[in-house]
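Here are my notes on the pockets and on one helix. Please read them with the model open.

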Amino acid sequence: MNMNKKMLFFALFALMLLLAACGGSGGNETGSTPADEETSDSGADGGEATGDAEGDDSEAAAEGSTLQAIKDRGKLVAGVKFDTRLFGLKNPQSGDVEGYDVDIMKLLAQHIFETDSADDVLELVQVNSKTRFELVDNGEIDLGAATATINAEREEIVDFTNVYFIAGQSLLVPEDSSITGIEDLTADTTVIAVKGSTSEKNIKEKAPDAKVDLYDDYAAAFTALRAGKGDTLTTDNAILLGMRETDPSFKLVGGLFTEEPYGIFLKDGDDEFREYVNEFLNGLKESGELDELYQKWFGEPAPENILYENEFLK
């Protein structure tokens, strides 16, 4: 009996040891540490996965961005005017397009491709007031600098950068004209303007009785004025100054009756590229290059507020 009791005791003792061992192992499985480690690893993996995913998304966005498309193409395609002295005018002798807007596009192309010359990295496409927004909307140009006034209506069609030039609408008349200001525009007056420009809309509001004849571009409009087909031509003063420089027998009258802030226009909703161009413009201002361009083309110091935020941005 004693032997049986001893055997039973050792059997029970062995069973207790076995249960204790099993209980300890089960605690570790359900304890927080492994779970935390698993969660942590998962989190780390997840974090890395998220980071990779974010990286992939970011990379994908970069790959699909306008800026990346420009780099892949090897050149910036920019819309400028070819008929607007001081901003974008094709030199009949050299064939080059020259002006304030053109120089800004050259510097932007150099900035994008980190090169000292825009010769091989910039393609200029002729636009006019009627076609410029359509060309950027359908992707034929990456952006445009073409004496485009920023307003709320146009912000519904394209995006604009910050303001890089401030103009105002005025009147150009022959030296011997009796017109001295907008108050002289009556039903007997013919005003020449360009189709699709804000000048067309403004003059119809400011001088509702005057007859307004519209032309496709500024070259045709100025030719019409010189041919006596109208009494005055109206558009932004900066453009009119260029015309007067061409033919000093004309003069500006009436001062400025509007404020026209110019912006570079891009495809609607392309926030990433707009911010890139805004940062580029800020850099031009900080380096003094924007002021130098203004002085070069308009013969006077740039206004202090030449570069300011686009208040119409959606």
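1. Start with the lining of the largest pocket. Four elements each supply at least two residues: α5 (132-137), α6 (152-155), α7 (198-206) and β13 (260-267). The largest share comes from α7, with four residues. Keep in mind that this is a predicted model.

2. How much space lies in the largest pocket? The volume is about 460 Å³. Its lining counts 26 residues. Nearest the centre are Thr 149, Asn 151, Glu 153, Arg 154 and Thr 198.

3. Where does the largest pocket lie relative to the domains? Domain 1 (70-166 + 261-306) and domain 2 (168-259) both give residues to its lining, so the pocket lies between them.

4. Next comes the second largest pocket, with a volume of about 190 Å³. The elements giving two or more residues to its lining are β2 (83-84), α8 (218-226) and α9 (237-246). Helix α8 provides the largest share, five residues.

5. Which residues lie nearest the centre of the second largest pocket? They are Asp 83, Leu 89, Ala 219, Phe 222 and Thr 246, out of a lining of 13 residues. By class, that lining has six nonpolar, four polar and three charged residues.

6. Now helix α4. It runs over residues 100-113, which makes 14 residues. At 1.5 Å a residue, the helix should span 20 Å.

7. Is α4 mostly covered or mostly open? It is mostly covered, with eleven of its 14 residues buried. The cut-off for buried is under 20% relative accessible area. The buried set opens with the run Tyr 100, Asp 101, Val 102, Asp 103, Ile 104 and Met 105. Leu 107, Leu 108, Ala 109, Gln 110 and Ile 112 complete it. Charged side chains are therefore part of the buried set, namely Asp 101 and Asp 103.

8. What follows α4? Just after the helix, Glu 114 takes a positive phi of about 50°. Check this residue alongside the helix when you go through the backbone.

Notes: Residues are numbered from 1 along each chain as its sequence is written. This is a predicted model: local features need pLDDT of at least 70, side-chain atom pairs count only at pLDDT 80 or more; totals for chains, interfaces and linings use all residues. Side-chain values use heavy atoms; hydrogens and water are left out. On a 1 Å grid over the protein atoms alone, a cavity is a set of points where a 1.4 Å probe fits but cannot get out, and a pocket is an open set with protein on both sides within 12 Å along at least five of seven lines; lining residues have an atom within 4 Å of a point. Grid points are joined across faces, edges and corners, and a volume is the space filled by probe spheres set on the points. Domain bounds come from an automatic or database domain assignment. The expected span of a helix is 1.5 Å times one less than its number of residues. Buried means under 20% relative accessible area, exposed over 50%, partly exposed in between (1.4 Å probe, protein chains only).
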